[in-house]
Amino acid sequence: MNRIDIESTDLNLLKVFEAIYDEGGAGRAALRLGVTQSAVSAALGRLRTLYADPLFVRTGRGLAPSLRARELRPVIGEALDKCRQSLALARPEAADFAGRSVTLGLSDDFEIALGRQAIGALAASAPGLRLIFRQTHSRLAADMLMAREADLVIASGGLASHALQRVTVGQGGYACLLDPASLTPGQAALTVDEFIRRRHVLVSSGGFIGVVDEVLHGLGLARRVQASTTHFAALAFLLRGSDSISTLPAHAARGLAAATGLRMLPCPLAMPGYAIEMGWRTDALRDAAVAAVRRSVLGLLEAFDWMPSGTAIGETPVTAAADNAGHLRP
């Protein structure tokens with residue numbers, strides 16, 4: 001068996017692997033690295049020989065990673081980040097994060113509410129450092145961190161692990177979102193009767209039962225769920241032009257209302273609150289880039305108004321399954 005000698009291995013190949021994995025194609029990887037596509041293709045051939053695996057398989061949408069490539073990505077990424085970190089230590093006064101990126105796992109309700117602010121805050125505090133937003137939710141967030149698919153996560157629970165650190169940044173509540181054309185002139189609130197009469201759109205990773213249904217069941221009532229979607233951003237299109245309503249986290253309702261012209265109203269039910277947490281691996285903050293993003297985003301989270309006017313919070317918690325949005329299914 002031939003022994004692999006790191007001294008005779010071109011470690012620049014690892015940068016090519018990272019670029020192809022992240023960008024999904026040799027052409028885009030070449031643009032990222034500032035080299036020709038033929039150079040990237042040649043490097044990929046050497047990588048395949050080195051690891052005795054195809055690593056990337058051509059599909060209709062570019063290059064898809066093999067199982068071995070998915071196993072290698074966190075290891076290679078961590079190794080390269082350690083190298084970048086060592087260079088930063090050599091020149092601490094430069095605080096140069098150019099070319100670095102940090103992955104933040106969150107559901108799109110948090111991305112809608114905080115994404116733009118996070119980008120702006122990081123641009124001011126750590127120029128050159130870029131954010132990658134990755135979809136997650138409370139049932140996946142811990143695994144995503146441990147698999148090093150994310151450096152930091154924002155979620156509602158699911159982060160209780162000895163290998164992770166977490167901090168609670170606030171308590172969330174719920175509001176309703178609907179097309180203003182479906183309201184009577186001057187209407188500023190919903191009754192429980194009207195809430196039940198309307199058809200509902202649920203945001204969920206699966207199924208048609210959410211925390212709203214559990215609250216209604218306790219009151220001897222029920223609603224009609226017309227459709228279910230996995231993304232909050234879809235509500236901008238699913239609610240417009242209908243009398244349907246969606247109950248969702250107030251921070252997302254406020255962001256969508258401001259951006260789309262939909263109307264945010266208080267939920268007529270006393271809904272349970274939920275804790276909003278930020279989590280990371282215990283060793284993650286050794287990387288100056290991750291530490292910089294944590295400081296920047298944590299400042300935003302702690303200052304954010306999670307309970308705006310129109311938020312309904314009850315005193316009695318309700319047990320419900322967590323969905324892809326990272327909190328209780330509304």
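Buried means under 20% relative accessible area, exposed means over 50%, and partly exposed lies in between, with a 1.4 Å probe and protein chains only. By that scale Leu 285 is partly exposed, because its relative accessible area is 32%.

This is a predicted model: local features need pLDDT of at least 70, side-chain atom pairs count only at pLDDT 80 or more, and totals for chains, interfaces and linings use all residues. Residues are numbered from 1 along each chain as its sequence is written, and side-chain values use heavy atoms, with hydrogens and water left out.

## Leu 285 and its surroundings

Leu 285 sits in the loop between strand 12 and helix 11 (288–303). Helices (H or I, at least four residues) and strands (E, at least two) are DSSP runs, numbered from the N terminus. Leaving out residues up to four places away in sequence, Leu 285 touches Trp 280, Val 290, Ala 291 and Arg 294. Contact here means heavy atoms within 4.5 Å. Asp 151 is 134 residues away along the chain from Leu 285, and the two C-alpha atoms are separated by 9.2 Å.

Strands of a sheet pair through backbone hydrogen bonds, either parallel or antiparallel. Two strands count as paired if DSSP finds at least two bridges between them. In this model, an open sheet of five strands has the order 4-3-5-12-6, with mixed pairing. Strand 4 and strand 6 (164–172) are the edges, each pairing on one side only. From one strand to the next the twist averages 20 degrees. Axes are lines fitted to C-alpha atoms, for helices over the stretch in contact, and angles run from 0 to 180 degrees between N-to-C directions.

Strand 3 (residues 101–106) runs parallel to strand 4 (residues 130–135), and six bridges join them. Ser 101 has Arg 130 of strand 4 as its bridge partner. Thr 103 stands opposite Ile 132 in strand 4. Strand 3 is mostly covered, with five of its six residues buried.

Strand 5 (residues 152–155) pairs with strand 12 over four bridges in the antiparallel sense. There, Val 153 stands opposite Gly 279. Strand 6 is joined to strand 12 by eight bridges, also antiparallel. Thr 168 has Glu 277 of strand 12 as its bridge partner. Seven of the eight residues of strand 12 are buried, so the strand is largely enclosed by the rest of the structure.

## Helix 5 against helix 10

Two packed helices are described by the angle between their axes and the distance between the axes. Helix 5 (residues 108–125) and helix 10 (residues 250–260) pack at about 55 degrees, with axes 8 Å apart. That angle makes helix 5 oblique to helix 10. Angles under 35 degrees count as roughly parallel, over 145 as roughly antiparallel, 65 to 115 as roughly perpendicular and the rest as oblique. The crossing is left-handed: the near helix is turned anticlockwise from the far one by less than a right angle.

Helix 5 contributes Asp 109, Phe 110, Ile 112 and Ala 113 to the contact, and helix 10 contributes His 251, Ala 252, Gly 255 and Leu 256. These residues divide into five nonpolar, two polar and one charged. Ala, Val, Leu, Ile, Met, Phe, Trp, Tyr, Cys and Pro count as nonpolar, Asp, Glu, Lys and Arg as charged, and the others, Gly among them, as polar.

The buried residues of helix 10 are Ala 250, His 251, Ala 252, Ala 253, Leu 256 and Ala 257.

## Positive phi angles

| Residue | Phi | Location |
|---|---|---|
| Ala 52 | about 50 degrees | loop between helix 3 (37–51) and strand 1 (56–59) |
| Leu 55 | about 70 degrees | loop between helix 3 and strand 1 |
| Gly 261 | about 85 degrees | just after helix 10 |

Leu 55 counts as buried, because its relative accessibility is 0%.
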